[in-house]
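Reader: I am new to this one. Please take a close look at how the pieces pack against each other, and walk me through it step by step.

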Amino acid sequence: MDTPANTIHYFFAGYAVIFGSILIYIINLIGRFMPSSLAQS
Amino acid sequence: MGQKPKALTILDWITGILFITAILGVFFYAPLEAVMGWVQKVFYFHVAAGWTGMLGFLVSAVAGVLYLVKKDPRWDRIGFAGVEIGMVFMLICIITGSIWARPIWNTWWTWDPRLTTATIMELIYAAYLLLRQGVEEPDRRARFGAVYAIIGFISVPLTFLSIRIFRTIHPVVIGSNDPGAAGAFDMTPRMMQVFMFSLVAFSFIFADILWHRIRLGALADHVEQKKIQLQTWGE
Amino acid sequence: MKNSSPSLWKATLAVVWKDLTAELRSRELLTSMLVFALLVILIFNFALELDARARANITAGVLWVTFTFAGTLGLNRSMAVEKDRGCLDGLLLAPVDRAAIYLGKALSNWVFLLIVAGIVLPVYSLLYNTNLFQPGLILVILLASEGYIAVGTLLASMAVQARTRDILLPILLFPVVIPVLVAAVKASSGFLEGLGWVDVSTWVNLLIVYDVIFTAVSFMVFDFVVEE
């Protein structure tokens, strides 16, 4: 029985991309939300 | 632009809980794949992100049709939101796919039908954004966006088909057992559970972000109208 | 209603006739498309070093890149002229079905592209000592250019109404016509290499499917693009 290939670095990179992108997008949304709600008042 | 609806707050919480559960499931519950090891775990969210991206583009095409029929600016906001979210998640799908491909196919990039189609989709919707940017009048911007969202979405299956006829090495994990595709694997029941759960969780994320994005669009339109009013008063 | 406005077919022909006679007088569209097409072939000659052996495989690719680029030039110009001289508004005010405007513009654009192809083919054959006049290749050119023009006319009429119009058309058009280009290049090279119908028919079918779908959809949504 072979042991699985050591690919844990790619695993971390993959999830860093997933979480990073979602986070950046949400921050970007908030960034666009705040000025417009300020401008409204 | 009223207060944040209660249903949205509830959706926020459900989405958060589902997402965290999905992460825990992928990290700890799903078994380690025998050949590929840890990197296989990228697969769950890779497919889920692709699914979310497609949902976004589908929403934009449907909203495009509805806008052209009803002329309600709300549909334009929904379509625009769909494109934006679709692009973010499709990009995640492409990059994670590339990270997965490096150890398994031994290359960052191949001209496989799905990869190529996903990339062409990003280009189509980048063109969509450029088109919207180039038109100032809101009504015309909405009409053009709707038309292009429809045309772009219809072209996707044909693009996929045309590249498919060149052969593929992409593993087809669901619904086909093609032993020739490198990196294909059989899903154990636990993997299947985590996979399905990720799809559900990402669908919730999509719905949640879409809702927020639509509210943002409504707010931005409102501000734009106010500005135009102020300008006309000033003159 | 029926008595006051001309039939769709008559109105379409009128638009085509207007475009063709205007072009006959000025010749600016066709000459610029032609010169551009020949320049592209010339550049490819040096960029790819089209020698006798490489040519057989690459000819199809060079031809389709040439037609695509020349086509964008023509489409942009054809719609921009209407917009700038206020002809588009005039056409829209005319008591004809908007569909006739779309059909007419698409038909005349198609004719222009086919004329360019009709001149590029013999020139290419002459320059590289091959014979491109094969029925299969001509069928592919007819089918692929139809799909390309059907979408192109719709997108060009959007692009000319935008602020960034000169750069917008290729960006809008190319990602959407990729199936046409893939199928056209594969089918053309198949016919040029003398493959049988069985090997090429998939691509021809794909072209037909694309033509039908996109002509129908563009025809349906054109109304919304020119609406004021």
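Author: Chain A has 1 helix and 0 strands. Keep in mind that this is a predicted model. Of the 41 residues in chain A, 15% count as buried. Which residues link chain A to chain B? The contact brings together 20 residues of chain A and 28 residues of chain B. The side of chain A that touches chain B divides into 12 nonpolar, 7 polar and 1 charged residues.

Now chain B itself. Its secondary structure is 6 helices and 0 strands. Read from the N terminus, the elements go α-α-α-α-α-α. Along the principal axes, the C-alpha atoms of chain B fill a box of roughly 70 × 40 × 25 Å. Chain B has 235 residues, and 42% of them are buried. How far apart in sequence are the partners in its contacts? Take the contacts in chain B with a separation of 6 or more: 76% of them join residues 24 or more positions apart.

Helix H2 (residues 42-70) of chain B and helix H5 (residues 138-164) of chain B have axes that come within 8 Å. These axes cross at roughly 130°. The crossing of H2(B) and H5(B) is left-handed. H2(B) brings B:Phe57, B:Ser60, B:Ala61, B:Gly64, B:Val65, B:Tyr67 and B:Leu68 to the contact. H5(B) answers with B:Ala142, B:Ala146, B:Val147, B:Ala149, B:Ile150 and B:Phe153. Sorted by class, this contact of H2(B) with H5(B) has 11 nonpolar, 2 polar and no charged residues.

B:Trp111 lies in the loop between helix H3 (73-104) and helix H4 (113-133) of chain B. Is B:Trp111 buried or exposed? It is exposed, because 11 other C-beta atoms lie within 10 Å, and 12 or fewer is the cut-off for exposed. B:Trp111 also sits 8.7 Å from B:Ile163, C-alpha to C-alpha. Along the sequence, B:Trp111 and B:Ile163 are 52 residues apart.

On to chain C, and the contact it makes with chain B. This contact takes 24 residues from chain C and 26 residues from chain B. Which elements of chain C give two or more residues to the side that touches chain B? They are helix H6 (135-159), helix H7 (165-176), helix H8 (178-192) and helix H9 (197-226) of chain C. H9(C) gives the largest share, 8 residues. By class, this side of chain C has 19 nonpolar, 3 polar and 2 charged residues.

H8(C) is one of these helices, and we can check its length. With 15 residues at 1.5 Å a residue, H8(C) should span 21 Å. The end C-alpha atoms of H8(C) are 21 Å apart, so the two values agree. H8(C) is mostly covered, with 13 of its 15 residues buried. After H8(C) comes C:Gly194, which has a positive phi, near 75°.

Last, helix packing inside chain C. Two packed helices are described by the angle between their axes and the distance between the axes. Start with helix H1 (residues 8-26) of chain C and helix H5 (residues 98-128) of chain C. Their axes come within 8 Å and cross at roughly 40°. H1(C) and H5(C) are therefore oblique to each other. The crossing of H1(C) past H5(C) is right-handed. On H1(C), the residues in contact are C:Leu8, C:Ala11, C:Thr12, C:Val15, C:Val16, C:Asp19 and C:Leu20. On H5(C), they are C:Ala99, C:Ala100, C:Ile101, C:Leu103, C:Gly104, C:Lys105, C:Leu107 and C:Ser108. The contact of H1(C) with H5(C) holds 10 nonpolar, 3 polar and 2 charged residues.

H5(C) also meets helix H2 (residues 28-47) of chain C. Here the axes come within 10 Å and cross at roughly 40°. The crossing of H2(C) and H5(C) is right-handed. H2(C) contributes C:Leu29, C:Leu30, C:Met33, C:Leu34, C:Ala37, C:Leu38 and C:Ile41. H5(C) contributes C:Phe112, C:Ile115, C:Val116, C:Ile119, C:Val120, C:Val123 and C:Tyr124. What classes of residue make up the contact of H2(C) with H5(C)? It has 14 nonpolar, no polar and no charged residues.

Methods:
Residues numbered from 1 in each chain as written. Chains lettered and ligands numbered in written order. Predicted model: local features only at pLDDT ≥ 70, side-chain atom pairs only at ≥ 80, totals over all residues. Contact = placed C-beta atoms within 7 Å. Helix = DSSP H or I, 4+ residues; strand = E, 2+ residues; numbered from the N terminus. Nonpolar A, V, L, I, M, F, W, Y, C, P; charged D, E, K, R; others polar. Axes fitted to C-alpha atoms, helices over the stretch in contact; angles between N-to-C directions. Parallel < 35°, antiparallel > 145°, perpendicular 65-115°, else oblique. Left-handed = near helix turned anticlockwise from the far one by under 90°. Buried ≥ 20, exposed ≤ 12 C-beta atoms within 10 Å, placed from the backbone. Expected span 1.5 Å × (residues − 1).
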